[in-house]
Amino acid sequence: MTKSLDVDRGRQTEFAQHLFGVYTNGLLTYMIDLGYRTGLFEAAAQGPATAQQLADRAGLQERYVREWLGSIVANGIMTYDAATREYTIPAEHAAGLTGNGSANMAPLAGMVTSLGKHLGELEHAFRAGGGVPYSVFRPEFTDKMDQLSRRPVDEMLLDRWLPAAPGLRERLAAGVRVADIGTGTGHALVVLGKAFPASTFVGYDIAEDALDRGRVEAAEAKLSNVTFEVADVAELKPAQPFDVIFAFDSVHDQAAPAAVLRAAHDALVPGGTFFMLDLALSSNLEDNIGNPHARWIYSTSTLHCMTVSLAVGGAGLGGAWGEQTARRMLGEAGFGEVVTHPAPGNERNMIYVTHRPA
């Protein structure tokens with residue numbers, strides 16, 4: 001029998017309105033994803049246009065475009081002039097929804113719509129335990145992560161992230177052995193390989209389809225110093241140790257993250273550098289309340305990061321493992337002093353720099 005509650009009707013109404021806003025924004029996410037997939041935002045950025053003109057620009061059906069525009073206008077993303085029947089996207093909104101730079105937030109919508117497809121499997125895991133395997137999310141998840149990650153890597157990795165490790169650029173320029181664990185499609189290594197031809201780079205991942213993309217991109221760039229290997233990085237035992245190991249947003253997804261960190265430590269030369277980019281949160285929920293990124297991180301961790309680990313009997317660390325836990329685990333893996341920096345241009349992430357003691 002449900003316990004009766006004293007309900008403040010005003011607060012109840014306020015909360016109901018909040019929920020309706022949440023659900024409406026959920027639907028808007030699908031509209032943004034459609035606009036990104038079909039090129040409608042890029043078409044709109046060319047200038048004011050009628051629904052037919054926008055449809056013609058994007059090569060789409062006018063009736064669908066017109067209904068989509070109704071949602072986009074009603075949600076304040078574009079404006080409508082009833083006299084001319086023209087739709088306009090403000091320049092500031094276009095800056096956040098178009099272009100090849102990291103300012104384009106439209107690809108984030110695709111991550112939401114992709115993860116939502118697996119709620120049925122996730123519900124089963126909530127009831128029975130286990131999780132949703134990484135293989136279930138592929139190859140679509142690979143596509144979405146590639147779209148989200150390559151833009152910040154292109155803009156920030158070389159000039160804004162690498163300086164977090166003093167002297168690292170100079171060592172890479174001189175020529176060292178480098179690994180990237182959980183490399184995905186390997187775009188970061190392609191960027192590094194181009195910038196530092198004297199160094200050699202190896203990317204490791206369990207996803208052959210993702211690595212194949214990295215191989216193609218490296219080949220197209222004519223990079224002989226970048227290679228990729230299928231491997232469980234928890235069991236990484238290279239024939240020769242590395243001078244530098246990178247981990248870009250990959251440790252928190254691992255089935256055995258403690259083993260991964262220990263393997264990374266052991267795979268480095270004494271004094272070698274471990275450079276980790278991961279999500280920026282506290283390990284304590286109470287510290288994250290009010291952090292605008294916490295809502296995204298806890299939610300995506302539930303929908304993907306945690307469950308792919310639990311699916312294989314893993315630790316289920318999740319994206320919200322936080323700085324305190326990361327520091328503890330790095331210390332337990334054998335690393336020395338850990339220095340952290342906010343990741344410039346990427347507020348959801350933090351850079352961790354540490355070394356294998358000499």
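Author: We begin with a definition: a salt bridge is a side-chain nitrogen of Lys or Arg within 4 Å of a carboxyl oxygen of Asp or Glu. Please note that this is a predicted model.

Reader: How many salt bridges does a search of the whole structure find?

Author: The search covers the whole structure. The number of salt bridges found is 15.

Reader: Which residue forms a salt bridge with K117?

Author: In this salt bridge the distance from N to O is 3.0 Å. The two partners link distant parts of the chain, 23 residues apart, with K117 in the loop between α6 and α7 and the other partner in helix α9. The side chain that meets K117 is that of E140.

Reader: How far apart are the closest N and O atoms of R66 and E62?

Author: R66 and E62 both belong to helix α4, where four residues, about one turn of the helix, separate them. They form a salt bridge, and their closest N and O atoms are apart by 2.7 Å.

Reader: Is D143 buried, partly exposed or exposed?

Author: D143 forms a salt bridge with R213, with 2.2 Å between the closest N and O atoms. This pair links helix α9 to helix α12, across 70 residues. The relative accessible area of D143 is 26%. Because buried means under 20% and exposed means over 50%, D143 is partly exposed.

Reader: Which residues line the second largest pocket, and how do they divide into nonpolar, polar and charged?

Author: The pocket has a volume of about 150 Å³. Its lining is made up of M31, L34, T38, L40, L60, Q61, Y64, V65 and W68. The elements giving two or more residues to this lining are α1 and α4. The lining divides into seven nonpolar, two polar and no charged.

Reader: Which residue is joined to P139 by a cis peptide bond?

Author: Most peptide bonds are trans. P139 is found in the loop between α8 and α9. The bond in question has an omega of about 0 degrees, and the residue that it joins to P139 is R138.

Reader: What is the phi of K222?

Author: Most residues other than glycine have a negative phi. K222 lies in the loop between α12 and β5, and K222 is exposed, with a relative accessible area of 74%. Its phi is positive, although K222 is a residue other than glycine, and the value is near 55 degrees.

Methods. Residues numbered from 1 in each chain as written. Predicted model: local features only at pLDDT ≥ 70, side-chain atom pairs only at ≥ 80, totals over all residues. Heavy atoms only, no water. Buried < 20%, exposed > 50% of the residue type's maximum accessible area, 1.4 Å probe, protein only. 1 Å grid on protein atoms, 1.4 Å probe; cavity = no way out; pocket = protein on both sides within 12 Å on 5 of 7 lines; lining within 4 Å. Points joined across faces, edges and corners; volume = space filled by probe spheres on them. Nonpolar A, V, L, I, M, F, W, Y, C, P; charged D, E, K, R; others polar.
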